[in-house]
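Have the 3D view open as you read.

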2 protein chains.
Amino acid sequence: MSTEGPGEPSGVPWQDAQTEWLRADGQCCDVVMSSRVRLARNLAGFPFMPRASRADRRQILDLCRRKIVEIPGRERVVWVDLHTASTEQRTILVERHLISKQHARGKLSSGVGGPEEPRGVAFTSQSERLAIMVNEEDHLRIQSMRAGLALAEALAAADQADDALEATVDFAFDRRFGYLTACPTNVGTGIRLSVMLHLPGLRLRNELDKVKRAAAAMSLAVRGFYGEGSNAVGDLYQISNQTTMGKTEAVLLHELQNEILPQVIEYERASRRMLATRGGAVLKDRVHRSLGVLRHARLLAAEESMDLLSTLRLGIVLGIIDNIPERVANALLLLVQPGHLQRATGRPMDQDHRRGARADLVRTALAPYC
Amino acid sequence: MSTEGPGEPSGVPWQDAQTEWLRADGQCCDVVMSSRVRLARNLAGFPFMPRASRADRRQILDLCRRKIVEIPGRERVVWVDLHTASTEQRTILVERHLISKQHARGKLSSGVGGPEEPRGVAFTSQSERLAIMVNEEDHLRIQSMRAGLALAEALAAADQADDALEATVDFAFDRRFGYLTACPTNVGTGIRLSVMLHLPGLRLRNELDKVKRAAAAMSLAVRGFYGEGSNAVGDLYQISNQTTMGKTEAVLLHELQNEILPQVIEYERASRRMLATRGGAVLKDRVHRSLGVLRHARLLAAEESMDLLSTLRLGIVLGIIDNIPERVANALLLLVQPGHLQRATGRPMDQDHRRGARADLVRTALAPYC
């Protein structure tokens with residue numbers, strides 16, 4: 001594995017790269033955008049983040065970065081020092097789901113910290129399948145992503161990176177509890193399994209609350225597009241395990257992938273079938289109107305555009321729209337977001353100008369499929 | 001003048017004919033769709049409508065019809081017996097503003113009567129500029145219409161028809177009061193002058209109430225698209241005089257055409273200028289979104305489509321849309337209405353099917369201007 005220098009990863013084709021969660025292929029990709037596995041790890045002999053001084057953090061950062069470089073692997077790795085990165089760069093990393101919002105801000109959940117805190121992220125620049133955040137809530141957060149429903153593959157890749165790191169550094173580990181983490185909910189395997197789902201059918205049929213209640217009963221969290229505390233935009237939801245202790249990775253994975261998700265996926269598919277038959281004309285109208293607004297609007301807010309794109313994607317998946325590739329709708333879901341939009345236009349903009357630029361970008365992207 | 005037989009005026013190219021109020025030319029046609037003059041007349045020696053028996057009505061109808069035929073004129077006249085016309089035919093006549101809703105139903109304002117009451121309408125089939133309703137609220141209601149602001153021309157044509165009729169029949173007339181009418185508000189000249197205005201600028205800037213209050217203070221009525229008691233759809237409003245007695249035709253006309261309307265027209269134009277400058281981007285967005293929905297929707301309700309077409313027309317008048325002729329938007333304002341829509345599709349439809357057929361019709365009409 002090799003890394004680039006800190007600062008802007010100039011070689012990354014930001015606007016064109018399909019992040020894994022938007023590739024629109026893989027198992028059950030009509031409903032499951034992507035699968036993600038995250039492992040929380042901490043270095044032995046260093047205080048956990050909430051108690052780490054800036055000097056500690058800097059030391060942790062330097063050590064981790066060096067170790068990450070040593071991981072063997074064919075894909076080029078980009079390293080970004082977030083404390084020196086621009087706001088726009090950090091926003092783009094959040095939008096691509098390579099770092100958390102919290103990591104972008106540099107604040108711990110306690111509110112301590114700020115943008116100047118030493119922290120960074122490494123990720124495989126081509127596929128963006130593997131990302132390792134350094135000095136987020138834990139010293140290391142290894143994140144592995146796959147398109148579609150593929151938690152086992154994502155887990156295998158995360159484990160591989162984890163093993164490679166563990167071969168050269170000591171992780172904080174307790175024989176009884178397992179891996180030790182800053183937040184007790186992560187102690188044990190330190191794992192979070194999550195899937196990003198596209199659930200427009202359930203939303204249109206007002207069935208989402210049922211899913212949320214069922215998920216809560218099974219100790220699963222249903223979160224919005226950007227994870228904790230964020231709203232659902234574009235009908236995109238993340239479902240993940242809430243606790244890690246007392247269950248092996250294999251059990252957690254089996255429960256989610258084989259017991260819970262098939263039900264949610266089937267529920268969403270049934271909703272779509274219902275919409276396509278009983279309210280077929282209404283759904284068709286809604287899909288085409290969304291396309292009409294996307295094609296003609298001169299001002300578009302981020303959330304509205306994501307909701308319209310969500311309905312468009314539903315129409316494409318259901319065959320109501322047959323001349324626009326799904327990847328176009330998926331790519332736009334990313335490109336309409338503020339950071340990507342700003343980069344595409346090449347200049348900082350206020351919200352009003354962004355709305356105009358966003359509408360222009362969407363119109364241009366859809367123009368070939370008239 | 002010659003007339004066709006009763007029943008369906010099969011020679012009238014209903015769908016293509018531009019009624020005068022949609023021709024989109026004439027003075028101030030950016031704001032004034034059309035000008036209309038209506039004269040109320042009654043035959044001497046017959047009871048007024050509220051007291052007329054069915055036998056009286058039949059006699060009045062026969063006499064009037066015969067006399068109307070004798071009016072000299074070059075344009076072919078269509079006669080329709082409304083008591084034998086289909087509901088669809090009557091609806092179309094209402095939508096073309098050739099008869100009132102009340103006349104279509106055959107009911108007097110007191111609620112007496114019904115569809116079988118002997119009554120009819122004669123109109124010039126090509127231009128639809130002149131229409132004479134028989135046995136509406138009065139025995140005769142002569143209506144003359146012109147595109148744009150042209151009350152004097154409309155009045156001259158109405159007077160001409162009035163004079164021609166008066167040469168062969170005796171009208172109920174009192175030396176002191178003038179022409180006698182069923183409703184006292186029409187006694188005197190029996191005249192109503194009205195203009196159909198397109199006021200999207202005032203509506204978008206929430207200034208319509210001011211116009212309504214000012215109009216009321218000047219004894220003018222502001223009514224919706226179909227006249228008395230109807231809602232404004234498509235931002236179309238009719239402004240007319242409320243009383244007739246004590247003022248000559250010339251005075252009424254002068255007040256409306258030279259004193260009041262110039263102010264309303266300028267007020268609307270100022271609103272549009274304001275929208276185009278201060279909120280230019282917002283207006284542009286709204287116009288294009290309306291076009292987007294019109295071009296893509298698969299279901300359209302009548303009122304929604306008229307509102308969208310109204311915004312589209314505003315966009316065309318302001319030059320925001322430059323590839324769609326105004327006459328297309330205007331023609332659609334007529335064609336999306338239930339009667340015309342039903343005739344275009346050639347079969348009776350329930351409301352759901354009408355919404356689908358309406359969307360199809362609009363899409364087809366706008367397709368050449370992509």
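Is A:Arg363 buried, partly exposed or exposed? A:Arg363 counts as partly exposed, because its relative accessibility is 22% and buried means under 20%. Keep in mind that this is a predicted model.

## A bridge within one helix

A:Arg363 has a salt-bridge partner, A:Asp360, with 3.1 Å between the closest N and O atoms. Both sit in helix α12 of chain A (residues 351–366), 3 residues apart, or about one turn of the helix. A:Asp360 is partly exposed too, at 36% relative accessible area.

## Bridges across chain B

Now for chain B, where B:Arg269 and B:Asp30 form a salt bridge at 2.8 Å, N to O. B:Arg269 belongs to helix α7 (residues 249–277) and B:Asp30 to the segment before β1 (32–41), so this pair ties together parts 239 residues apart in sequence.

Another salt bridge links B:Glu116 and B:Arg54, at 3.2 Å from N to O. Here B:Glu116 comes from the loop between α3 (101–105) and β3 (120–124), while B:Arg54 is in helix α1 (residues 54–70), so the pair connects parts 62 residues apart in sequence. Over in chain A, salt bridges with shared partners join A:Arg54, A:Arg57, A:Glu116 and A:Glu117 into one network. Over all chains, the structure holds 40 salt bridges.

## Chain A as a whole

Stepping back, chain A has 12 helices and 10 strands. Its radius of gyration is 21 Å, close to the 21 Å the globule rule gives for 370 residues, so chain A is as compact as a globular protein of that length. Of those 370 residues, 57% count as buried.

Definitions and conventions. Residues are numbered from 1 along each chain as its sequence is written. Chains are lettered from A and ligands numbered from 1 in the order in which they are written. This is a predicted model: local features need pLDDT of at least 70, side-chain atom pairs count only at pLDDT 80 or more; totals for chains, interfaces and linings use all residues. Side-chain values use heavy atoms; hydrogens and water are left out. Helices (H or I, at least four residues) and strands (E, at least two) are DSSP runs, numbered from the N terminus. The radius of gyration is taken over C-alpha atoms; the globule rule is 2.2 Å times the number of residues to the power 0.38. Buried means under 20% relative accessible area, exposed over 50%, partly exposed in between (1.4 Å probe, protein chains only). A salt bridge is a side-chain nitrogen of Lys or Arg within 4 Å of a carboxyl oxygen of Asp or Glu.
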